[in-house]
Amino acid sequence: MNSNEDLTAVLEREARGFGRRGFLKLAGGAGLGLALGFRLDPAGASADSQTSLNAFIRIAPDGSVTLLSKTPELGQGVRTSFPMILAEELDADWAQVKIETAPLNAKLYGTQNAGGSRSTYTSWTQLRRAGAAARAMLVAAAAESWNVPAGECTTNKGFVLHAGGKRASYGELATKASTMPVPDEKSLVLRPRKDWKLLGTRISGVDNPKVVIGAPLYGIDQSLPGMLYAVYEKCPAQGAVPASANLDHIKTLPGVRGAFLVEGHASSDLLPGVAIVANSTWAAFQARKQLKVEWDESSSAKDDSAALMAQTASIIKGLGKESVVAKGDVNAAFASAMAVVDSTYTYPFLAHATLEPMNATAWPHDGIMEIWIPSQGPDRAAAAVSPVIGMPEDKILVHGTRVGGGFGRRGRNDFTSEAAAIAKVMNAPVKLTWSREDDFAHDYYRPAGALRYKGAVDRGGKLVAWQTHFVTNSPDGTAKALSNATQIQADEFPHTLLANVDVAQTIFPWFTNTGSWRAPRSNSMTWAIQSFIHEMAIAAKRDHKAFLLDIMGEPRWLEPGKDAAFNTARAIKVIEVACDKAGWGKPLPKGRALGLAFHFGDFGYVAEVADVSVDAKKKIIVHKVTAACDVGPITNLSAAEHQVVGSVIDSFGATMNLQVDFAQGRIKQQNFGEYPLLRMPASFPVDVVFVESDYPPSGLGEPALPPLPAALCNAIFAINGDRIRTMPLSKSGYVV
């Protein structure tokens, strides 16, 4: 490649090892988001040896079908479920399916990032149409070849069939099919649910065998000829600048190839620091132990979490500074209520603690910067790197690898910018690897906060008023704004279901980075909301399930026709299913109880019932959690169950033990020894029930996480009367 060659040409020439490409025809518009008739020919092969019917689907003469998955694989299973959607509409034989990861190309694939449980929701229709369009073109090719009406032809597992007995494989028809007119989007016929053969079944993850044997799939596995290895030292207090370092000494150490200062770049999340480059990761890590840096901390963070929580405890007693919702008359409702409850819930900062530490490989060559990253946002990486290295985005070629844990952390590309900046100086391929301590010290932490609730029930035992004062920290060192990872929502449950609501917030400035942590906002707020609803049920002297269902009211859409709107019928259904399946109301031994919680988020509805025992020493045993979920149609039942189970277990571990603390802008917890993730012996069965519906599929990687803490805490209260209002539960003496 020459330095003047546009990156689009690189993608067309090199991505996925294919040489000659041609755009035969474009169709579909923004809603379809793909290029039909996009032809891919293997370099050096004959033109008809492999045919692409669209940007997602290739068919070989032997009938094998290659399907492309466009979104980063974080363990949520999209490299299997996305091809399942394509194969279902294509009516392909899954035994003949091969799967590849699509190159980054927004023109062909649209959004190619993972976060907010949006992968399936945003891709469902696009992928179904891609599969259906290819199937229609194959049918058209067969019909023309046989001189019969297309309406007389059907498909089955990779073959087109005619009522008269004719039969042709997709491999035989693919080349001709690629010349057929592209179906109009409105003419596409999607397979009805009753005819699905793959969707909703259990399909093992396509990468599972490679994961088990440790095959190179992840960013940290990346290797290139002549590659160097880097570490990057930053001040533990964000915002500090290296004034000096013993670089001359570091350069004399075994294996070291370079050591230098790197300037920061705020727009790319690049913090200033010191790079050490060596001929192995071990040599780089060993050299770092002798690095001595004098930091200028005049503008660094001085954040103190204990001081923040003390300030929070004082200010939350009053009213919030910024109104979020104000409707009805809460004061009048409080004055006439049968009972009023006033409670405050607090929760700490959390780290992401992904098992694969941050890493990136960057290689400057032939006028481009080529990058390999385990990122949730690989399609945003070029924009982040461009100002750091002074190259236009179309000269930055990004490859997304499998991701060893994201949970929101890898939505930022700070580690990508670091690797690119170091590789540019070295003018060689460089793999940057963070240590575990780097991961903890330079995270985008889940914000801490507190929620004070005041609620009223009338003489009929109904919830009639709801008041909230939310106190938390800003993500940018000011007290002006909150990120989506933090802010309370005007339509948060149960705001939209009550007549008298008053919600306000107060924001404290916080300098250290905060950001999205699995199920942003809901991971903390749902615990407080659902625990407080249980408090209100107790005050009303009513069964918790009946009280919660009463809040829902009549089955209805609050905003008909809007996917994100709340549907009380769906909420009622999952609550009833979870309770029925768990045996709500059944007698249990002393020291054992059921706890219930509900969550609506990412367009999904989840109710969970925790079956819990607590002994006199506050040891918690979770016998089982029953989770009922309505997230629309299930794509891959195996992956869906795994996501729910993983969410519940992950949530339990955080609820029991996890928090991070800051002093002078520095995190106190440096590794897993001080941040104990849940161990396998403390795990428990999760009974997953899907209440399948025909609504558009919602996300599933996050909706099942928020209900668990409240279900657990409500069960504990039912056992011993201890209302837990501070996370983690270990602060209240509970253990697993």
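This is a predicted model: local features need pLDDT of at least 70, side-chain atom pairs count only at pLDDT 80 or more; totals for chains, interfaces and linings use all residues.
Reader: How many bridges join β12 to β13, and which way do the two strands run?

Author: Six bridges join β12 to strand β13, which spans residues 273–278, and the two run antiparallel.

Reader: Is strand β12 largely enclosed or exposed, and why?

Author: Strand β12 covers residues 256–262, and five of its seven residues are buried, so the rest of the structure largely encloses it.

Reader: Changing topic, what is the order of strands in the open sheet of three?

Author: The order is β7-β8-β9, with antiparallel pairing. The edges are taken by β7 (153–156) and β9 (167–169); each has a single partner strand, so one side of each lacks a neighbour in the sheet. On average, neighbouring strands of this sheet are turned by 25 degrees against each other, direction ignored.

Reader: How many bridges join β8 to β9?

Author: Three bridges join β9 to strand β8 (residues 159–162), and these strands run antiparallel. One of the residues involved is Leu 161, whose bridge partner in β9 is Arg 167.

Reader: At what angle do α5 and α6 pack?

Author: Helix α5 (residues 119–146) and helix α6 (residues 170–177) pack at about 90 degrees, and their axes are 8 Å apart. Angles of 65 to 115 degrees count as roughly perpendicular, and α5 and α6 are therefore roughly perpendicular to each other.

Reader: Which residues meet there?

Author: From α5 they include Arg 135, Met 137, Leu 138 and Glu 144, and from α6 they include Tyr 170, Leu 173 and Lys 176. By class, this contact has eight nonpolar, one polar and three charged residues.

Reader: Now the cysteines: what does the count of disulfides come to?

Author: The count is zero disulfides. For Cys 629, the nearest cysteine sulfur is that of Cys 579, 14 Å away, whereas a disulfide needs the two sulfur atoms within 2.5 Å.

Reader: Is Cys 629 buried or exposed?

Author: Cys 629 is buried, with a relative accessible area of 1%.

Definitions and conventions. Residues are numbered from 1 along each chain as its sequence is written. Side-chain values use heavy atoms; hydrogens and water are left out. Buried means under 20% relative accessible area, exposed over 50%, partly exposed in between (1.4 Å probe, protein chains only). Helices (H or I, at least four residues) and strands (E, at least two) are DSSP runs, numbered from the N terminus. Two strands pair if DSSP finds at least two bridges between them. Axes are lines fitted to C-alpha atoms, for helices over the stretch in contact, and angles run from 0 to 180 degrees between N-to-C directions. Angles under 35 degrees count as roughly parallel, over 145 as roughly antiparallel, 65 to 115 as roughly perpendicular and the rest as oblique. Contact means heavy atoms within 4.5 Å. Ala, Val, Leu, Ile, Met, Phe, Trp, Tyr, Cys and Pro count as nonpolar, Asp, Glu, Lys and Arg as charged, and the others, Gly among them, as polar.
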